[in-house]
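Good morning, and thank you for making time for this presentation. I would ask you to look at the structure on the screen while I go through a few of its parts.

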Amino acid sequence: MYAIEVERLTKIYGKGETAVTALSDATFQVRPGELVAILGPSGSGKTTLLTAIGLINEPTHGRLAIGGATIADEGWLRGLDLKKIRRERLGFIFQSHNLIPFLTAQENVMVALEINEVGRAEAKKRAGELLTALNLGHRLHNYPSALSGGECQRVAIARAIANRPQVILADEPTAALDTENGKNVMGLLKKLAVENHSAILVVTHDHRMVEGFDRIFQVSDGRIVGETGNAGSA
Ligand SMILES: Nc1ncnc2c1ncn2[C@@H]1O[C@H](COP(=O)(O)OP(=O)(O)O)[C@@H](O)[C@H]1O
Ligand SMILES: [Mg+2]
């Protein structure tokens, strides 16, 4: 079974003369445990693709399935609880971290776990472990305002992966990080792909990130124009 399946996925913003086709006929599948990069210039449709798969941007045409279940087919299927599917199966990492300002780093991660009914003690333990793995063990009790941009991003990453989602979607997750922290983040994502069998889709311009990916999709003008296999050998 595929973790992600898209078939002729298309997104058109607006209508009539001002319509913009941001994504055209994207077709691909991602297996559990695969680490896939999406590379392409600004405005090429990368975020549109990611947010459609993330169930926050309704595709205009085509089919989308997550974990074998069809979610969209010429628009969202009726009667689905998209929020619930998102919460249980998907993890997001965006450019802006959106941390809750009045909660500490550890509490920000705990919220993601508690929302999925993980008990408080267990949530605290797991949040602490995850943050420590991301070199934030000394920052557990700090508020976002006391953290650097890179540290906030790593807290956001911990929050996104805390529930070990089937699918992790990341939009330029290392943009704000230095090389060492970027590599830590990548190492953790790879580990998640392998250990939790998560399918991971990462939008990036960052070549440090692409190394070690299973596949790389090249996007241009809303189309997937190329795919490269294992970047390690390129
Ligand atoms: N909400 C929107 N309404 C109208 N056009 C949009 C919207 N979001 C993105 N676009 C347009 O869709 C195209 C692809 O954008 P985007 O997916 O953000 O690309 P990328 O992430 O690769 O920079 C661009 O031409 C952009 O201007
Ligand atoms: Mg974008």
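Predicted model: local features only at pLDDT ≥ 70, side-chain atom pairs only at ≥ 80, totals over all residues.

Let me begin with a contact between two helices. In H5, the residues Gly150, Arg154, Ile157 and Ile161 meet Asn181, Val185 and Leu192 of H6. Sorted by class, this contact of H5 with H6 comprises four nonpolar residues, two polar residues and one charged residue.

How are two packed helices described? The description uses the angle between their axes and the distance between those axes. Here H5, residues 149-161, and H6, residues 179-195, pack at an angle of about 5 degrees, and their axes are 11 Å apart. Because angles under 35 degrees count as roughly parallel, H5 is roughly parallel to H6.

Let us stay with H5. This helix has 13 residues, and the distance from its first C-alpha to its last is 19 Å, close to the 18 Å expected at 1.5 Å a residue. Is H5 mostly covered or mostly uncovered? H5 is mostly covered, with eleven of its 13 residues buried. Among the buried residues of H5 are Glu151, Arg154 and Arg159, together with Val155, Ile157 and Ile161. Against which elements do the buried residues of H5 pack? They pack against strand E6 (90-93), helix H3 (105-114), helix H4 (120-133), strand E7 (167-171) and H6.

In H6 itself, I would point out Gly187. Gly187 counts as partly exposed, because 13 C-beta neighbours lie inside 10 Å. Between Gly187 and Ala133 there are 54 residues of separation in sequence, while their C-alpha atoms are 10.0 Å apart in space.

I turn now to the backbone. Most residues other than glycine have a negative phi. Glu117, which is not a glycine, has a positive phi of about 65 degrees. Glu117 is placed in the loop between H3 and H4, and it is exposed, since 7 other C-beta atoms lie within 10 Å. His197 also has a positive phi, near 60 degrees, and is likewise a residue other than glycine. The loop that holds His197 runs between H6 and strand E8 (199-203). With 14 C-beta neighbours inside 10 Å, His197 counts as partly exposed.

Next, a residue in a strand. Phe28 belongs to strand E2, residues 20-30. Phe28 is partly exposed, as 17 other C-beta atoms lie within 10 Å. Which residues does Phe28 contact, leaving aside its neighbours within four places in sequence? Those residues are Val6, Phe217 and Ile224. Phe28 and Arg89, by comparison, are 61 residues apart in sequence, with 19 Å between their C-alpha atoms.

Finally, the chain as a whole. The chain has seven helices and ten strands. Its C-alpha atoms fill a box of roughly 50 × 45 × 35 Å along the principal axes. For 234 residues, a compact globule would have a radius of gyration near 17 Å, and the 18 Å of the chain agrees with that. Of these 234 residues, 40% count as buried. Among contacts between residues at least 6 apart in sequence, 66% join residues at least 24 apart.

To close, I return to the helix pair: H5 is roughly parallel to H6, and eleven of the 13 residues of H5 are buried. Thank you for your attention.

How values were computed
Residues numbered from 1 in each chain as written. Chains lettered and ligands numbered in written order. Axes fitted to C-alpha atoms, helices over the stretch in contact; angles between N-to-C directions. Helix = DSSP H or I, 4+ residues; strand = E, 2+ residues; numbered from the N terminus. Parallel < 35°, antiparallel > 145°, perpendicular 65-115°, else oblique. Contact = placed C-beta atoms within 7 Å. Nonpolar A, V, L, I, M, F, W, Y, C, P; charged D, E, K, R; others polar. Rg over C-alpha atoms; globule rule 2.2 N^0.38 Å. Buried ≥ 20, exposed ≤ 12 C-beta atoms within 10 Å, placed from the backbone. Expected span 1.5 Å × (residues − 1).
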